[in-house]
Amino acid sequence: MSKQRTVAVLTEIKETSEQTSFRSIHRFCEELAQYGKERGLFFYVTSPSLYLQRTGYQWIDGEWAKRDVPPADVVYNRLHSRQSEHSPLFAELLIRLAEEGGAMFNRRFLHKWEVYRLFERHEYLHPHLPKTALWSSEDVLESFLGAFPSVFLKPIHGSQGRGIFCLERSDGGIRLRHSTSASAAIYSSTDTLASALRRRTKLPMIVQQGLELRTLDGRPVDFRLLCHRVRNNHWRVTSAVARVAPPDQFVANLARGGELMAINAVLRKWHTASDAFHQKQLLKEIAIEAATVLAFEAEGLYGEFGIDLAIDVHGQPWIIEVNTKPSKQTETTAASQTVRPSAKAIIDYCLTLIEEKE
């Protein structure tokens, strides 16, 4: 009798006597379990400590039941904490998984500077990369502020739009805004600005060229394209949405109050139907190229990326950043669907990995 194919999701689990929660991906895990069952998989959700105890949660009759589980053929890493990925428990899990012949994808977070350097190796992506440097000295800041009307300062390990500064040249000096504050400050020189930033930031950070983006009612817009790996190392776009920044904000992340909109609706406000179609196709092509490059260049196995793009006032698309643990809040399930396309894509990729090994 052949062994049943087994897939596990690794994430943080909140356990109480009343309930078990997989936090922001709880509903997504139900969809993975439902579609995994349809595809004949033994599917469960676990954490690093539970996996080492051979324990996990299985979806049975509409409820998550804690039980003994077999080793996984494939583990989909959805840990949300970089600290967890550097813990002794996680290192022990990787050793166990390797000994048992299992595979893990999206093994670790990729940080912003690392992603930029990997993209930089591919000349055809250069037209879509904002100029970026590691913030190593005041000279770097001065150089960027001399070259561009606005500049962003971002923590390389940041997420959800947290800890980002926007620096803009003005008649009175340099205007500084923060992504989590409505207030702004003016600094008379780069030296005083850099000194203030040093007190408010934790290194390392990147300095990035500011872009004059297309807006809706004066609010910046970006696009999240969710990409999944399929057979033969090809990638496809599974979902695409637009995110509109709140009034007087410069980031469009949902965690910072951004508004989710259909990508077609946004593009049609700017373009004819034909041009909107071609612009969307171009965004998809750039996202797939970006995912393909990262999967080829980055160490480890990756099966999912959230690629954030934006379009400037001249119609030029730009790669803003990449998320290796993309939010599941940007993707909704249509009324006729019980399982969203990205859940199906994850299970299908797990099956591909298992079949390639068999």
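Is Cys227 counted as buried or exposed? In this predicted model, in which local features need pLDDT of at least 70, side-chain atom pairs count only at pLDDT 80 or more, and totals for chains, interfaces and linings use all residues, Cys227 has 0% relative accessibility and therefore counts as buried (under 20% relative accessible area, with exposed meaning over 50% and partly exposed in between; 1.4 Å probe, protein chains only). Residues are numbered from 1 along each chain as its sequence is written, and side-chain values use heavy atoms, with hydrogens and water left out.

Cys29 is likewise buried, at 0% relative accessibility. The count of disulfides, defined as pairs of cysteine sulfur atoms within 2.5 Å, comes to zero. For Cys227, the closest cysteine sulfur belongs to Cys350 and lies 17 Å away, too far for a bond. For Cys29, the closest cysteine sulfur is also in Cys350, at 12 Å, which is again too far for a bond.

Helix packing was examined for H8 (residues 263–270) and H9 (residues 273–297), which pack at an angle of about 125° with their axes 8 Å apart. Helices are DSSP runs (H or I, at least four residues) numbered from the N terminus; axes are lines fitted to C-alpha atoms over the stretch in contact, and angles run from 0 to 180 degrees between N-to-C directions. H8 and H9 are therefore oblique to each other (angles under 35 degrees count as roughly parallel, over 145 as roughly antiparallel, 65 to 115 as roughly perpendicular and the rest as oblique). The contact (heavy atoms within 4.5 Å) involves Ile263, Asn264, Leu267 and Arg268 of H8, together with Ala273, Ala276, Gln279, Lys280 and Leu283 of H9.

Technical notes
Helices (H or I, at least four residues) and strands (E, at least two) are DSSP runs, numbered from the N terminus.
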